[in-house]
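Open the model in a viewer and keep the selection panel at hand. The stops below say what to select and what is found there.

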There are 2 protein chains.
Amino acid sequence: MSGQSIRLLLADDQALVRGALSALLGLEPDLEVVAEVGSGDAVLPAVLEHRPDVALLDVEMPGLDGIAATAEVRRAAPDTRVLIVTTFGRPGYLRRALQAGASGFVVKDTPAAQLADAVRRVHAGLRVVDPGLATDSLLAGESPLTSRETEVLQAARDGSAVAGIAAKLFLSEGTVRNHLSSAIGKTGATNRAEAVLTAEGNGWL
Amino acid sequence: MSGQSIRLLLADDQALVRGALSALLGLEPDLEVVAEVGSGDAVLPAVLEHRPDVALLDVEMPGLDGIAATAEVRRAAPDTRVLIVTTFGRPGYLRRALQAGASGFVVKDTPAAQLADAVRRVHAGLRVVDPGLATDSLLAGESPLTSRETEVLQAARDGSAVAGIAAKLFLSEGTVRNHLSSAIGKTGATNRAEAVLTAEGNGWL
DNA sequence: ACGTCGCCATGACAGATGTCATGGCGACGT
DNA sequence: ACGTCGCCATGACATCTGTCATGGCGACGT
């Protein structure tokens, strides 16, 4: 397998970005894009069919997100290494991506020239992590929210009232308020909306 | 000037996307990327220096946004045509972009192969508009919000309470609540949070 | 000159929200 | 067996929010 070109899979929900990244990486003589997909659900089938050396996954995708797709790929195709390429440097994303088995994590405002290098390093078995993000990630740490609190905050994202959240989760309204209250406390917010924002910013949702 | 290659400027805050688009467009023999910038403020100086035929601008950028940059370019360099390339198909964006003098509007999930065509059409003096978006845009129309209502909603985006918004805008709390209430009514929401979301979704903020 | 409209403000009211105390249930580790 | 913890629930309370009626002010168009 050595001496051959590195086989790549690209996953990004925006077709234009996907195609552009393909063009960018295709310029490198030692890299070859063998598959492109636009949703998280399509990642694993494509990996199994094309057996790429490295899979570049976005985190935000319809269906399965990049983190969940990473876990799937690691389980079903351990030879394929995963490099997360994402828009948002949410601190929690990095930690969760690495826990899921990703070999690298790059945000989309790193210079284009470095992407090919990141791919080569990942392929070589090294770990590639955005330097600025690493420190933030350690500071933010794990989500302090329990699973219910997380669910309630997720349901509150669209501006639903307590009654709506309770109906969606089959809970009593009082319980929803209790979960919200403790989530607000844990996030240091004073507010439901604030709690949603900080939890999102930390990648806890 | 005909027979020559089309000179392009790229503006996108994400370096990776910028570089990738550059690679993609650079593959076309009749296109040439002559400048790349990462913020809205840098667009006009770069246009004046390099005199591109077509400027590809993202809407979401630090500093000046793509719409404002479009207006600047049209005013100071009328020969440069503007093609907006953006992530979000917010209905209001299209209308505002066209009003600002953009010649085209493409969302980032159109196939990569079509981008070069869009550039050529814009350069030829044609108008290029994402077909799916055009109808939405007509439906959504202009923002129904008054300037104060817009300001109040913007201030409410971070989850601030009425008191905080009032302090920020030097208004009475009652007045803030009135503006919020009418904004909620106009957006068809039942809620401050919902109002913020739908206003954002329509590009009214 | 008049009506309309946006903007600011006040006061009052109903309903939603956030907090707190309290209690029951099941899972888990020691 | 016991303590701890997450989860669910209830009731009560203070506060925040959203609505409505009302009024004054200035700008604008007819």
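This is a predicted model: local features need pLDDT of at least 70, side-chain atom pairs count only at pLDDT 80 or more; totals for chains, interfaces and linings use all residues.

Select residues 147-156 of chain B for helix 7 and residues 162-169 of chain B for helix 8: the two pack at an angle of about 125 degrees, with their axes 10 Å apart. The crossing of helix 7 of chain B and helix 8 of chain B is right-handed.

Now show side chains. From helix 7 of chain B, select B:Arg148, B:Glu151, B:Val152, B:Ala155 and B:Ala156; they meet B:Ile165, B:Lys168 and B:Leu169 in helix 8 of chain B. Coloured by class, this contact shows five nonpolar and three charged residues, and no polar ones.

Move to chain A and select residues 147-156 and 162-169 there. The axes of helix 7 and helix 8 of chain A come within 10 Å and cross at roughly 125 degrees, which makes helix 7 of chain A oblique to helix 8 of chain A. This crossing in chain A is right-handed. On the helix 7 side of chain A the contact is made by A:Arg148, A:Glu151, A:Val152, A:Ala155 and A:Ala156, and on the helix 8 side by A:Ile165, A:Lys168 and A:Leu169. The contact in chain A has five nonpolar, no polar and three charged residues.

**The sheet of chain B**

Return to chain B and display strands. In what order do the six strands of the open sheet of chain B run? The order is 2-1-3-4-5-6, with parallel pairing. Strand 2 (31-37) and strand 6 (128-129) of chain B each have a single partner strand, so they stand at the edges, and one side of each is left without a neighbour in the sheet.

Select residues 81-86 and 104-107 of chain B, which are strand 4 and strand 5; they run parallel and are joined by four bridges. At B:Thr86, look across to strand 5 of chain B, where B:Val107 stands opposite.

**Helices on the sheet**

Helix 1 lies across strand 1 (6-11), strand 2 and strand 3 (54-57) of chain B, and runs at about 170 degrees to strand 2 of chain B. Helix 3 of chain B also packs on the sheet, where it touches strand 3 and strand 4 of chain B, and its direction makes about 170 degrees with that of strand 4 of chain B.

Select B:Ile67, B:Thr70, B:Ala71 and B:Arg74 in helix 3 of chain B, which meet B:Tyr93, B:Arg96, B:Ala97 and B:Ala100 in helix 4 of chain B. The residues of this contact divide into five nonpolar, one polar and two charged.

**Both chains together**

Finally, show chains A and B. Chain A is superposed on chain B by a rotation of 180 degrees with 0.1 Å of shift along its axis, at an RMSD of 0.4 Å. The two copies are thus related as by a two-fold rotation axis. To find this axis from chain A, centre on A:Ala20, whose C-alpha is the nearest to the axis in that chain, 2.4 Å from it. The same surface serves both copies: 100% of the contact residues of chain A recur in chain B.

Notes
Residues are numbered from 1 along each chain as its sequence is written. Chains are lettered from A and ligands numbered from 1 in the order in which they are written. Side-chain values use heavy atoms; hydrogens and water are left out. Copies are superposed by least squares on the C-alpha atoms of residues with pLDDT of at least 70 in both. Contact means heavy atoms within 4.5 Å. Axes are lines fitted to C-alpha atoms, for helices over the stretch in contact, and angles run from 0 to 180 degrees between N-to-C directions. Angles under 35 degrees count as roughly parallel, over 145 as roughly antiparallel, 65 to 115 as roughly perpendicular and the rest as oblique. A crossing is left-handed if the near helix is turned anticlockwise from the far one by less than a right angle, and right-handed if clockwise. Ala, Val, Leu, Ile, Met, Phe, Trp, Tyr, Cys and Pro count as nonpolar, Asp, Glu, Lys and Arg as charged, and the others, Gly among them, as polar. Two strands pair if DSSP finds at least two bridges between them.
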